[in-house]
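Dear colleague,

I am handing over the structure that we spoke about, and below it you will find my notes on what turned up in it. Please read them with the model open beside you.

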Amino acid sequence: MKIIKLHYLLLILIFWSCTENNKPQLENQKQVVERHREAEQNATAKFGIALHGGAGFIKADMMSDSIIQAYQNKLSEAIELGHEILKNGGDAEVAVVEVIQVLEDSPLFNAGKGGVLNANGIHELDASIMHGKTLEAGAVAGIKTVKNPILLAQKIMNESEHVLLSGNGAEEFASNHDLDQVENSYFTTQKAQRALANAQNKSAYHIENYEENIKNYKLGTVGCVALDQKGNLVAGTSTGGMTNKKHGRIGDSPIIGAGNYANNHTCAVSATGHGEYFIKNVVAFDISAMMEYGDFSLEQATQIAIQEKLKNQGGDGGVIAIDFEGNISLEFNTEGMFRAKMDAKGNKEVKLFKE
Ligand code: ASP
């Protein structure tokens with residue numbers, strides 16, 4: 001009888017020890033499953049896109065409802081187009097170029113059609129693009145006839161040994177590469193003409209007033225930054241520059257590191273605002289450098305660049321930026337910035353004014 005009892009006890013002990021031993025295994029398995037789920041989510045979460053349509057003195061009470069709606073619709077259309085490309089596994093470069101083309105073709109923005117006029121009443125357009133994997137870049141400055149300056153910047157990046165072409169040389173490169181060219185008047189809108197007349201009536205051309213008056217304008221460049229599913233970051237920017245600028249003036253938009261920058265190890269940045277300040281502060285590269293050398297997050301880096309460094313000097317404007325993990329920052333120190341962003345889950349945000 002005693003022996004049978006002992007056997008029972010032994011069996012119970014064996015059973016108990018087995019189930020106890022299984023516990024950590026089960027725990028481990030759960031953790032593994034959870035880790036896989038997370039990795040899966042991250043894999044699809046790892047793309048995103050943001051765009052801007054210019055920063056400046058933009059307030060709701062300065063615009064009619066229908067104009068607000070028109071801007072919202074265009075920003076929405078552009079961001080959805082870019083998002084669709086990325087969602088289907090497309091390249092960030094393709095998404096950025098397509099989005100910017102949509103904005104360049106719209107008369108609402110200061111880029112391509114709708115670009116502002118210089119002091120001589122002529123459009124001189126600037127644009128750039130940079131690829132974060134190769135650090136290849138292409139840029140154009142002071143062009144007058146190329147319908148979509150971003151396409152020319154892309155061609156220079158991919159099919160020339162140079163980074164930045166300007167004026168006649170850039171136009172020649174465009175015609176040799178079969179890019180659409182148009183009369184300079186194609187870019188003109190009534191809005192741009194009125195802005196020039198206003199600026200000149202206020203003698204904004206004289207440098208002492210220029211600084212003051214420029215703060216009253218919506219600056220209006222366009223830009224797009226994207227992270228694709230392969231982990232590539234790309235930034236693009238396109239602009240007509242600033243109303244009443246001197247003939248030959250080149251802003252920050254085609255200056256790699258100032259108005260545009262991308263590096264797969266850090267982020268992609270496109271700027272808009274008073275270009276001279278962005279050039280002097282090398283803003284786009286500075287944001288990347290803060291992340292690379294200072295271990296700042298994207299949000300911290302963009303805040304320091306725009307709300308501290310730039311603001312302290314009186315530089316107006318903002319940036320859109322996306323980092324290698326898909327975090328997006330839309331930072332500006334003006335009344336408004338036309339902006340939109342979309343993440344991998346399809347969450348979309350389109351905004352014009354300060355919160
Ligand atoms: N940054 C552009 C320039 O200075 C202007 C703008 O963003 O609206 O040319």
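A residue is called buried when its relative accessible area is under 20%, exposed when that area is over 50%, and partly exposed in between, with a 1.4 Å probe and only protein chains considered. By that scale Glu 159, at 44% relative accessibility, counts as partly exposed.

Before going further, please keep in mind that this is a predicted model, in which local features need pLDDT of at least 70 and side-chain atom pairs count only at pLDDT 80 or more, while totals for chains, interfaces and linings use all residues. Residues are numbered from 1 along each chain as its sequence is written, and side-chain values use heavy atoms, with hydrogens and water left out.

**The chain as a whole**

The protein chain has ten helices and twelve strands, where helices (H or I, at least four residues) and strands (E, at least two) are DSSP runs numbered from the N terminus. Of its 355 residues, 51% count as buried. The accessible surface comes to about 17,000 Å², and 52% of that belongs to carbon and sulfur atoms; such areas come from the Shrake-Rupley method with a 1.4 Å probe, and for residues only the protein chains shown count as cover. If we take the contacts (heavy atoms within 4.5 Å) between residues at least 6 apart in sequence, 69% of them join residues at least 24 apart.

Helix α3 covers residues 92-105, and at 1.5 Å a residue its 14 residues should span 20 Å, which agrees with the 20 Å between its end C-alpha atoms; the expected span is 1.5 Å times one less than the number of residues. Ten of the 14 residues of α3 are buried, so the helix is largely enclosed by the rest of the structure. Among these buried residues are Ala 92, Val 96, Ile 100 and Leu 103, and the buried residues of α3 pack against elements including β1 (48-56), α2 (65-87) and β2 (125-131).

**Asn 260**

Asn 260 is found in strand β7 (residues 260-262), and at 0% relative accessibility it counts as buried. Its side chain makes a polar contact of 2.6 Å with that of Thr 237 and another of 3.4 Å with that of Ser 128.

**Salt bridges**

Side chains of opposite charge can pair when their charged atoms come close. How many salt bridges does a search of the whole structure find? The search finds ten.

In one of them, Lys 230 pairs with Asp 91, the closest N and O atoms being 2.3 Å apart. Lys 230 lies in the loop between β5 and β6 and Asp 91 in the loop between α2 and α3, so the pair ties together parts that are 139 residues apart in sequence. Lys 230 is exposed, with a relative accessible area of 54%, whereas Asp 91 is partly exposed at 35%.

Asp 105 forms a salt bridge with Lys 147, with 3.6 Å between the closest N and O atoms. This pair links distant parts of the chain, since Asp 105 is in helix α3 and Lys 147 in the loop between β3 (137-143) and α4, 42 residues apart.

Being four residues apart in helix α4, Lys 155 and Glu 159 are separated by about one helical turn.

With best wishes

Technical notes: Polar contact = N/O pair within 3.5 Å; in protein donor to acceptor, adjacent residues only side chain to side chain. Salt bridge = Lys/Arg side-chain N within 4 Å of Asp/Glu carboxyl O.
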